[in-house]
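Subject: Structure handover

Dear colleague,

Here is the structure to look over, with the sequence alongside. My notes follow below.

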Amino acid sequence: MLFINHLWEYVVTPLSVLQMPSSISFAEILSYTACRQLSQMFLAVVFFHSSEYILAVAIHGRSNVTLKSLLISKNYLLAMIFSLLEYIVEIVLFPGLKEHWWISDTGLALVVIGEFTRKLAIITAGRAFTHLIKVYHEEHHLLITHGIYRFVRHPGYSGFFIWSVGTQIMLCNPISTVGFAIVAWKFFAERIPYEEYFLKRFFGSEYEEYARRVASGMPFVK
């Protein structure tokens, strides 16, 4: 809140001509909108990454899990920083852009759906789920085709894709929404074929038949 007040004092006041025609003052719009949307973003990010680590520890044991299971990389941090910068610039210069609550609430719903989908995938796969692609077949690495895997081959990837794009729709960030969608899709479009190369080696015709029946879960990725 202190940060928002500073924005109002040093940046927003000279731009007051950009006020939306409303009985609510520009400062009230800025404070309420920013507090609600940024707090939702903060909670979504904290819950996503902490739960990834906690589930990994619960499934594989503390000694077999590193901080990499938080899924926080340099590129990811840069993307999140860019999205917050976009949000700040747009809420100062174009506050009306952030007031489309049906868009923001749709993003929130996608965040919940994506989170639920990914965590359901992790819990269903159990020990077969790992954050790193397995290049050697281990005894406990089974082909999971039940539960959510009956409908999607890679529900964990689908969930993360929906979650990441949903966070930007929730913030009403048009640039980051497109950017996150492109970058996340490209990442999984490359990762899925690489992972499936090893899955075909591990499970042979059983996996090939499964792949023919069930979609990958990523748009335009077979």
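What follows is a summary of the fold, the core, the salt bridges and a few single residues.

This is a predicted model, in which local features need pLDDT of at least 70 and side-chain atom pairs count only at pLDDT 80 or more, while totals for chains, interfaces and linings use all residues. Residues are numbered from 1 along each chain as its sequence is written, and side-chain values use heavy atoms, with hydrogens and water left out.

Overall fold

The protein chain has seven helices and zero strands. Helices (H or I, at least four residues) and strands (E, at least two) are DSSP runs, numbered from the N terminus. Helix α4, residues 101-125, has 25 residues and reaches 36 Å from its first C-alpha to its last, close to the 36 Å expected at 1.5 Å a residue; the expected span is 1.5 Å times one less than the number of residues. Just after α4, Gly-126 takes a positive phi of about 60°.

Of the 222 residues in the protein chain, 43% are buried. Buried means under 20% relative accessible area, exposed over 50%, and partly exposed in between (1.4 Å probe, protein chains only). Among contacts (heavy atoms within 4.5 Å) between residues at least 6 apart in sequence, 79% join residues at least 24 apart.

Core

The largest nonpolar core has 42 residues, and Tyr-149, Trp-163 and Phe-188 touch the most other members. Such a core is a set of buried Ala, Val, Leu, Ile, Met, Phe, Trp, Tyr and Cys residues joined through side-chain atoms within 4.5 Å. Its largest share, eight residues, comes from α6. Leaving aside neighbours within four places in sequence, Phe-188 is in contact with Tyr-157, Phe-160, Phe-161, Pro-193 and Met-218.

Salt bridges

There are eight salt bridges in the structure, each a side-chain nitrogen of Lys or Arg within 4 Å of a carboxyl oxygen of Asp or Glu. Glu-52 pairs with Arg-118, the closest N and O atoms being 2.7 Å apart. Glu-52 lies in helix α2 and Arg-118 in helix α4, so this pair ties together parts 66 residues apart in sequence. Glu-52 also forms a salt bridge with Lys-119, with closest N and O atoms 2.9 Å apart. That pair again links α2 and α4, across 67 residues. Glu-52 is buried at 0% relative accessible area, Arg-118 is buried at 5% and Lys-119 is buried at 9%.

Glu-209 is partly exposed at 32%, whereas Arg-213 is exposed at 53%.

Single residues

Gln-168 is in helix α5, residues 155-170, and is buried with a relative accessible area of 0%. Not counting residues up to four places away in sequence, Gln-168 touches Met-41, Met-80, Ser-83, Asn-173, Ser-176, Thr-177 and Phe-180.

Lys-134 is in the loop between α4 and α5 and is partly exposed at 26%. The C-alpha atoms of Lys-134 and Phe-198 are separated by 7.5 Å, although the two are 64 residues apart along the chain. Beyond four places in sequence, Lys-134 touches His-141, Phe-198 and Phe-202.

Regards
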